[in-house]
Amino acid sequence: MSIWQWTREPDISDALLSNPGIGFICAPGLMGDPEEVHDNRGEIVEKYRFAPSQKTWNHPDSGLSYAGGAWRDIEKEEGCYDWSGFDAKLERAGRLGCNAIVRIMPYSLTVDIPSWLRERFPEDPEYPFWRIDPNTTDYAELWARFVRAFAARYDGHPLISSVDMAMCGAWGEGAGSEFVEQEKLEKIVLAYCEGFRRTPMQCLLHDPVSVGLIRRHRQDIGFRVDCLGDMGGFHGKTWNHMQDFYPVNIENFDMHDTWEKGPVVFEACWHMNDWYRAGWDIDYIIDESLKWHISSYNSKQTTVPEAWKEQVAGWVRKMGYRLELRRIRAGSENRCVQVEMLWCNTGAAPCYQAYPIVLRLENAEGTRFFRLEEDIRKWLPDEDHLVRAATGELCPGTYTLSAGIDTGVRELGMLQLAIQGRDGEGFYPMGTVRVE
Amino acid sequence: MEKYTLEAFERYPMVRCRPEETRDLEPDRFVFRTVSAPEAEKQGMFLLEVRRESLQQMAALCSLPQAVGFTIVPGESDDAFLETAVRAMGEKRYIVPVSDCAQIRWAREKGVLGGLLVEIRDNPLDACEQMAVQELQKMYRKVPVFVRNCGTGHSEAYARQWHASMVENMPGTCAGWRIALRRITYPRAVTSGGFAPMRFWWTNRGPAFVHEQTSVRLRLRMGEETIELPLADSPDQIGLGDRVYNEIVRMPDLPPGTYAMEYGLFGENGDSLMLCHAGRSGDGYYPAGMLCVDDIPRPEYEHIWDDYYADGYYPLVDPPVPGT
């Protein structure tokens with residue numbers, strides 16, 4: 001005789017979800033109740049929301065933020081680290097209900113290396129995107145030491161979604177890394193690879209030398225690029241990022257399947273509004289990014305043209321993971337509740353955090369929670385997965401069974417699933433089960 | 001700064017040819033019908049459905065090129081019959097119903113699983129669960145998935161989810177592959193008898209792999225004469241999304257001049273695959289621009305791809321904001 005008392009198929013939701021680690025980087029500047037909304041060029045645009053319940057104007061809500069910092073602000077004295085400013089940024093992300101992609105940059109075109117290092121090397125090198133020459137100085141050793149300190153403090157931090165591997169070049173975006181001596185570069189690569197064992201990372205898709213070096217040490221690192229949308233802004237039809245650099249180099253650098261283990265992170269070239277005004281094809285840009293298994297997109301916190309609202313909403317629904325609990329059946333045996341669940345990830349990428357599925361059983365006597373062992377990071381796009389679970393022994397009675405996925409982080413709460421019926425605690429009640 | 005510009009980065013003058021794309025040239029190519037009786041009409045492609053009593057008749061149809069494979073109906077699946085049937089059907093692909101766990105297990109153990117047959121009846125989630133229970137989610141990477149709609153509901157999204165290679169009773173559903181050569185890069189001029197570095201960027205926009213060995217062919221044409229160029233590294237399997245690879249083509253000795261370059265993608269039986277481009281020739285080739293052949297020695301081309309990544313240029317100057 002079957003142990004199952006019922007089978008349910010929850011109603012699927014097409015709502016825009018805000019979940020940690022995925023989607024647009026949130027835009028606090030477009031939240032609240034502004035009288036006017038301006039686009040990236042300062043022009044007033046009609047206010048709209050992606051859905052009435054959303055709290056951001058002219059931009060989708062998000063569960064992901066960005067936290068950056070500069071070396072010189074943290075290591076003001078050699079070997080002494082002041083993390084308070086960076087901690088404050090993570091706390092701010094948490095207050096927004098987000099986790100964060102983080103990057104500490106060694107320098108930028110306007111932010112210098114630490115002053116104690118500048119005193120030793122007063123000259124800027126010839127390469128225009130370097131502020132210090134990694135080949136003729138001990139930059140690599142010092143930056144690697146900093147990265148190890150960074151990792152020692154933040155690896156596995158619950159509010160960090162992933163870490164950008166910043167190795168050299170302005171903003172740590174890799175410029176000139178192909179000119180760095182391999183031995184020097186490897187010191188930095190190893191600092192990241194050995195330091196961050198739990199937090200996912202992405203490297204710049206910059207050149208075959210640096211990417212190849214990273215892949216020799218770790219195969220689970222995703223990639224990041226910062227010019228999504230460029231359909232000809234640099235060199236017209238001769239060369240652009242969307243039709244030349246990205247498609248060819250994702251493959252040529254052997255990074256085409258890294259999305260299965262590490263996040264793929266894009267940043268806008270200029271702003272989406274600029275793409276719109278240039279008449280570029282948003283459908284093409286979106287389709288390509290999904291083909292490359294995008295998890296998140298940094299829109300630089302500027303407005304989405306209203307004419308593109310529907311396409312962008314569709315993009316958000318596919319970006320990163322999107323988890324449907326498609327079918328659940330429950331029953332009891334030996335005073336344990338038995339459950340079978342059919343889950344599907346209908347997004348474009350997996351979840352890179354091992355958030356557990358949690359079953360909640362409630363009756364008048366109290367509430368019990370059961371965390372399951374299933375590793376949701378293995379749920380690749382389009383895959384259905386059957387999860388079987390049994391609770392511990394229960395007292396006879398009737399229980400209300402709910403399911404959910406818990407981030408385990410107070411600020412982030414439970415994941416939003418692509419089904420109807422979420423309750424105030426982030427669980428999805430499924431039905432009652434008798435235990436005899 | 002000049003030495004970091006795109007012009008300086010490109011050590012060799014290259015041509016980037018981007019063939020214009022078209023869509024869905026063959027709407028029926030990825031459609032099949034299930035045939036369970038030998039007298040059935042034999043137009044289009046079909047899947048032979050084998051029962052105990054019809055095995056010999058079905059086996060007689062195996063030689064028909066339209067027969068894309070065979071399936072054994074669930075319930076006929078004792079091991080002895082499966083063994084007999086698979087032997088009788090020869091080289092045809094054995095497309096196993098996912099609803100028959102015993103048959104799937106047997107086919108996997110014997111190494112004869114040639115494809116999956118997913119039947120959608122009243123509720124597509126039943127098939128989703130069958131796929132999940134038997135951990136068949138990634139099988140589309142190895143063998144084709146045939147999706148048959150046995151009900152009346154809309155199930156296009158499921159066919160895409162399962163990466164259907166072929167569908168039955170699902171008009172308008174996107175199945176199979178959609179292949180385009182997005183770009184081919186080659187030098188403006190190459191040396192007769194020398195080397196021609198080529199970089200191909202292919203995309204498959206369809207939901208399914210190409211489950212047969214493929215080969216790229218390249219040829220030059222001048223007037224009535226065509227010269228086939230030997231390719232060493234063309235991919236023998238095409239999956240989803242992009243596929244980029246580099247070639248160093250050994251050029252034959254040719255009279256100097258400007259040649260029309262043409263490419264095609266061919267299956268294991270030599271048939272050309274229909275690509276998402278216009279301009280297909282009668283024998284399955286597509287135009288890819290013009291190549292100049294001369295006698296100027298360029299020995300450096302033999303190893304060009306070892307340290308030159310022509311697309312890896314990193315702009316160090318922000319251009320004007322587009323649209324201003």
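A: Happy to. Strands here are DSSP runs marked E of at least two residues, helices are runs marked H or I of at least four residues, and both are numbered from the N terminus. Please keep in mind throughout that this is a predicted model.

Let's start at B:Met166, which belongs to strand S8 of chain B, residues 164-168. B:Met166 counts as buried because 26 C-beta neighbours lie inside 10 Å, and 20 or more are needed for that label. If we set aside neighbours within four places in sequence, B:Met166 is in contact with several stretches of chain B: B:Phe30, B:Val31 and B:Phe32, then B:Val68, then B:Pro144 and B:Phe146, and finally B:Ala175 and B:Gly176. One further pairing is worth a look on your screen: B:Val145 is 21 residues away from B:Met166 along the chain, yet their C-alpha atoms are separated by 6.8 Å.

As background, nonpolar side chains tend to be buried together in soluble globular proteins.

Now step back to chain B as a whole. Chain B has seven helices and 16 strands, and its C-alpha trace spans about 75 × 50 × 35 Å along the principal axes. Of its 324 residues, 39% are buried. Among contacts between residues at least 6 apart in sequence, 61% join residues at least 24 apart. Chain B is divided into domain 1 (10-24 + 178-307) and domain 2 (32-168), and their centres, taken over C-alpha atoms, are separated by 36 Å. Five residues of domain 1 of chain B and eight residues of domain 2 of chain B take part in the contact between them. On the domain 1 side, three of these residues are nonpolar, two are polar and none is charged.

Chain B also has an open sheet of five strands in the order S10-S16-S15-S12-S13, with mixed pairing. Strand S10 (189-191) and strand S13 (225-229) of chain B are its edge strands, each pairing on one side only. Ignoring direction, neighbouring strands of the sheet are turned by 40 degrees against each other on average. Within this sheet, strand S12 of chain B (residues 215-222) pairs with strand S15 of chain B (residues 257-266) in the antiparallel sense over seven bridges, and B:Arg217 stands opposite B:Gly264 in S15(B).

The contact between the chains involves 28 residues from chain B and 34 residues from chain A. On the chain B side, helix H5 (124-133) and strand S14 (241-250) of chain B are the elements that give two or more residues, and H5(B) gives the most, with six residues. That side of chain B is made up of 18 nonpolar, five polar and five charged residues.

Chain A is divided into domain 1 (4-14 + 322-435) and domain 2 (20-317), whose centres over C-alpha atoms are 34 Å apart. Their contact takes 13 residues from domain 1 of chain A and 19 residues from domain 2 of chain A. S12(A) runs antiparallel to strand S1 of chain A (residues 4-8), with four bridges between them, and A:Trp4 stands opposite A:Gly331 in S12(A). S12(A) is also joined by ten bridges to strand S13 of chain A (residues 336-345), again antiparallel, with A:Ala330 and A:Val339 as bridge partners. The hairpin of S12(A) and S13(A) has two residues between the strands, and A:Asn334 takes a positive phi near 50 degrees there.

Conventions
Residues numbered from 1 in each chain as written. Chains lettered and ligands numbered in written order. Predicted model: local features only at pLDDT ≥ 70, side-chain atom pairs only at ≥ 80, totals over all residues. Contact = placed C-beta atoms within 7 Å. Nonpolar A, V, L, I, M, F, W, Y, C, P; charged D, E, K, R; others polar. Pairing = 2+ DSSP bridges. Axes fitted to C-alpha atoms, helices over the stretch in contact; angles between N-to-C directions. Domains from an automatic or database assignment. Buried ≥ 20, exposed ≤ 12 C-beta atoms within 10 Å, placed from the backbone.
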